Structures are given as structure tokens and as C-alpha cells.
Amino acid sequence: MKLAVISTLIAGAAAFAPAPVANSGSALSATRAVKDAPAKGKKNISFGEGNVNPTGLIGDLPPVGFFDPAGFAAKASPEELIRYREVEVMHGRFAQLAILGFLLPEKYAAEGAFGDDFLAPTGTALEVFNTDPLWVGLTLGVISCLETIRLLQTEPGTRTDAKILEVGLYPEQSPEKLAEYSLKELQNGRLAMLAFAGAVVQELVNETPLILNLQN
């Protein structure tokens with residue numbers, strides 16, 4: 001069952017790869033730099049291995065190469081491909097936060113930090129839908145409002161720009177380095193999406209907190 005879920009999500013997560021645009025955000029601009037950058041010093045950024053990547057953008061890594069079994073890249077327009085990549089990046093960011101949303105509450109529940117009825121009786125993060133549905137609804141409402149504001153204030157091609165470069169978190173901002181950062185974020189997001197799906201399935205099957213499963 002877990003293998004089926006993981007296989008399905010690999011296909012969905014790795015299939016989204018947009019085409020470049022002239023006035024894109026830093027992530028998409030860095031993507032083009034991967035294709036043009038010299039081979040020296042690159043880390044897992046290569047093309048021509050496995051299936052051919054018709055988009056020329058990051059995300060196709062060996063041994064799979066360009067993995068698009070459903071043909072999304074072939075069927076979509078350049079604008080749709082850009083949207084697919086932005087959606088994939090944002091889903092990856094949410095999935096990374098979601099994993100923390102599993103581990104931290106379960107840790108506090110195991111320690112009894114918020115009382116014996118917190119995430120009772122199983123102690124799993126999914127128990128929050130039974131114990132605190134109001135807080136779940138409020139959280140989803142706030143996220144929906146923030147996402148709506150983000151969509152209204154941005155244009156296609158720039159929706160994943162979190163303005164990190166402007167605050168100076170990355171002192172080295174060469175095209176090659178930015179391309180490496182973009183690739184790392186994309187791959188970490190894909191891994192987080194798979195991890196989140198596995199965590200949900202595992203807790204539904206054995207009703208054991210994720211943090212205990214990891215410890216055992």
C-alpha cells in the first residue's frame with residue numbers, strides 16, 4: 001500500500017517541469033542558468049542522462065532523468081508548464097512544514113505538555129481532526145486567506161518568489177549558486193511530499209505517532 005502511494009506521488013511530483021519565461025522570478029531564472037552553466041563544480045545538475053528533458057529546466061536527475069509518464073509536459077502550453085512548476089514548488093514547501101506539523105505536536109503530546117487530552121487517545125497528529133476541529137478549520141482558513149493574497153499580489157512566473165534574496169540570506173548569488181539552491185529546494189520539496197504521504201498512510205494503518213515509529 002505504501003509502495004503504491006509512493007509510486008503515484010513520484011509520478012505526480014516529478015512530472016511538473018515548466019518552460020522558461022523572459023521576466024521570471026529568481027527560481028526560474030536560476031533554472032536557465034543550470035542549462036548554460038559549465039560542468040565544473042555542478043552538483044547533481046546534469047542533462048542528457050536517462051530520458052531527454054524537452055523543457056531544459058531543472059528537476060531531471062539520474063537515474064530517472066526526465067520523468068513524465070503521463071505526458072504533462074508534452075500536452076501543456078508554456079504558460080501551463082510554468083504554473084505546474086510553481087504549484088510543485090509551493091506544494092513542496094507546504095509538505096516540509098506539514099512534516100514538522102506531525103513531529104512537533106506529537107512530541108508535545110507524548111510529553112503531556114498540553115494536558116492528557118491533547119491528541120488523545122492515539123497521540124497521532126491526525127487525531128487533531130477529532131480533538132480540535134475548530135483550530136483545524138481556523139488554520140486552514142488563515143492559510144487560504146494568505147494564499148489568496150499571494151495570488152492577487154503576484155503574476156505567473158513569480159509566484160514562488162519569497163523575496164529571500166532581498167533580505168540577504170544568501171550572500172553568494174551567482175547564477176550557478178542560485179541554480180543549486182533552486183534544485184535543492186525542488187528535491188527537498190519532492191521528498192517532503194513523499195514523506196508526508198507515507199506519514200499519513202502509516203498513522204492510518206497502525207495508529208501510532210510518527211515520532212514513535214521513527215524512534216522504533
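**Leu103 and its surroundings**

Q: Leaving aside neighbours within four places in sequence, what is Leu103 in contact with?
A: Leu103 is in contact with Leu210, Ile211 and Leu214 once those sequence neighbours are set aside. Keep in mind that this is a predicted model.

Q: Where is Leu103 found?
A: Leu103 is part of helix α4.

Q: And how far apart are the C-alpha atoms of Leu103 and Leu214?
A: They're separated by 9.9 Å, and the two residues are 111 apart along the chain.

Q: Why does Leu103 count as partly exposed?
A: Because its relative accessible area is 23%, and buried would take a value under 20%.

Q: OK, zooming out. How many helices and strands are in the protein chain?
A: You've got 8 helices and 0 strands. Reading along the sequence, the pattern goes α-α-α-α-α-α-α-α.

Q: What share of the protein chain is buried?
A: Of the 216 residues, 34% are buried.

Q: For contacts between residues at least 6 apart in sequence, what percentage join residues at least 24 apart?
A: That figure is 67% for the protein chain.

Q: Which residues make up the largest nonpolar core?
A: There are 5 residues in that core: Phe102, Ala125, Ala199, Val200 and Leu210.

Q: Take Ala199. Beyond four places in sequence, which residues is it in contact with?
A: Ala199 is in contact with Phe102 and Leu210, if you leave out its neighbours within four places. Leu210 also turned up as a contact of Leu103.

Q: Switching to confidence. What is the mean pLDDT of the protein chain?
A: The mean comes out at 74, and 70% of the residues reach 70 or more.

Q: Which elements have the lowest and highest mean pLDDT?
A: Helix α2, residues 26-36, has the lowest at 39, while helix α6, residues 133-153, has the highest at 91.

Q: Where does pLDDT stay under 50?
A: It stays under 50 over residues 1-50. The model does have 99 contacts beyond four places in sequence for that stretch.

Q: Now the surface. Which residues make the nonpolar patch?
A: The patch is made by Phe94, Leu97, Leu100, Leu104, Tyr108, Phe114, Leu140 and Ile143, and it covers about 750 Å². Helices α4 (78-111) and α6 are the elements that give two or more residues to it.

Q: Which one gives the largest share of the nonpolar patch?
A: Helix α4 does, with 5 residues. Phe94 has its place in helix α4, and it is partly exposed, at a relative accessible area of 33%.

Q: What about Leu191, buried or exposed?
A: Leu191 is exposed, since its relative accessible area is 57% and exposed means over 50%. You'll find Leu191 in helix α7, residues 175-206.

Q: How far apart are the C-alpha atoms of Leu191 and Gly92?
A: The separation is 8.0 Å, for two residues that are 99 apart along the chain.

Q: Next, charges. How many salt bridges does the structure hold?
A: It holds 7 of them. Side chains of opposite charge can pair when their charged atoms come close.

Q: Which residue does Glu88 form a salt bridge with?
A: Glu88 pairs with Arg85, and the closest N and O atoms are 3.5 Å apart. Because the two sit 3 residues apart in helix α4, about one helical turn separates them.

Q: Are Glu88 and Arg85 buried, or are they exposed?
A: Both Glu88 and Arg85 are buried.

Q: How about Glu111, what's its salt bridge partner?
A: Lys107 is the partner, with 2.7 Å between the closest N and O atoms. Both lie in helix α4, 4 residues apart, which is about one turn of the helix. Glu111 is exposed at 51% relative accessible area, while Lys107 is partly exposed at 36%.

Q: And which residue forms a salt bridge with Glu180?
A: Lys177 does, with the closest N and O atoms 3.7 Å apart. Both residues are in helix α7, 3 apart, again about one turn. Glu180 counts as buried because its relative accessibility is 9%.

Q: Last one. Which residues do salt bridges that share partners join into one network?
A: That network is made of Arg85, Glu88 and Arg190.

Notes:
Residues are numbered from 1 along each chain as its sequence is written. This is a predicted model: local features need pLDDT of at least 70, side-chain atom pairs count only at pLDDT 80 or more; totals for chains, interfaces and linings use all residues. Side-chain values use heavy atoms; hydrogens and water are left out. Buried means under 20% relative accessible area, exposed over 50%, partly exposed in between (1.4 Å probe, protein chains only). Contact means heavy atoms within 4.5 Å. A nonpolar core is a set of buried Ala, Val, Leu, Ile, Met, Phe, Trp, Tyr and Cys residues joined through side-chain atoms within 4.5 Å. pLDDT is the predictor's confidence in each residue, from 0 to 100. Patches are made of residues with over 30% relative accessible area and no salt bridge: like charges are joined within 9 Å, nonpolar side chains (Val, Leu, Ile, Met, Phe, Trp, Tyr) within 5 Å. Accessible areas come from the Shrake-Rupley method with a 1.4 Å probe; for residues, only the protein chains shown count as cover. A salt bridge is a side-chain nitrogen of Lys or Arg within 4 Å of a carboxyl oxygen of Asp or Glu.
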